[in-house]
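Please examine the structure shown here before reading the explanation that follows. The paragraphs begin with a single side chain and then widen the view.

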Amino acid sequence: MSETYNFEKFEVVKSLIRISSWFLISILLFAVVFTLLFTGFESYSINYCIIFLSLFTLFFNTIALLVISILYKLKKEKVFHNIKKESILFLVSLVSLMLLSFTIHLKY
């Protein structure tokens with residue numbers, strides 16, 4: 001019974017990671033569009049706030065994914081099979097952050 005409870009905790013944390021990743025991807029894509037449409041100080045300051053938020057969120061997601069993968073490994077479960085969606089969303093978030101950084105670099 002305790003194993004089921006632990007796996008339910010994993011699912012809750014994985015759901016939170018998925019939600020935060022989708023939220024982060026949408027904010028980063030909005031920031032890219034905002035950067036392309038506007039110039040000046042307003043886009044500059046907003047983008048760096050978004051980058052700070054993104055780095056914080058990515059750091060939290062990285063730590064959570066590492067802990068979950070270690071716990072799955074300890075329970076002799078397939079790690080990538082269990083966190084495939086979260087890993088893909090994490091990578092897409094990272095690519096979106098790099099796209100925003102590239103857009104800021106080209107714009108300024």
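Phe34 has a relative accessibility of 16% and therefore counts as buried, a term that means under 20% relative accessible area, with exposed meaning over 50% and partly exposed in between (1.4 Å probe, protein chains only). Phe38, at 40%, counts as partly exposed.

This is a predicted model, in which local features need pLDDT of at least 70 and side-chain atom pairs count only at pLDDT 80 or more, while totals for chains, interfaces and linings use all residues. Residues are numbered from 1 along each chain as its sequence is written, and side-chain values use heavy atoms, leaving out hydrogens and water. The pLDDT is the predictor's confidence in each residue, from 0 to 100; its mean for the protein is 85, and 91% of the residues reach 70 or more.

The structure holds 2 aromatic pairs. In one of them, the ring centres of Phe34 and Phe38 are 4.7 Å apart and the planes stand at 45°, so the pair is tilted. Rings of Phe, Tyr and Trp (its six-membered ring) pair if their centres lie within 6.5 Å; planes under 30 degrees apart are stacked, over 60 edge-to-face, and the rest tilted. Phe30, Phe34 and Phe38 make up one aromatic cluster.

Of its 19 residues, Leu28, Ile50 and Leu100 touch the most other members. Beyond its neighbours within four places in sequence, Ile50 is in contact (heavy atoms within 4.5 Å) with Ile27, Leu28, Ala31 and Leu100.

Note on methods. Core = buried A, V, L, I, M, F, W, Y, C linked by side-chain atoms within 4.5 Å.
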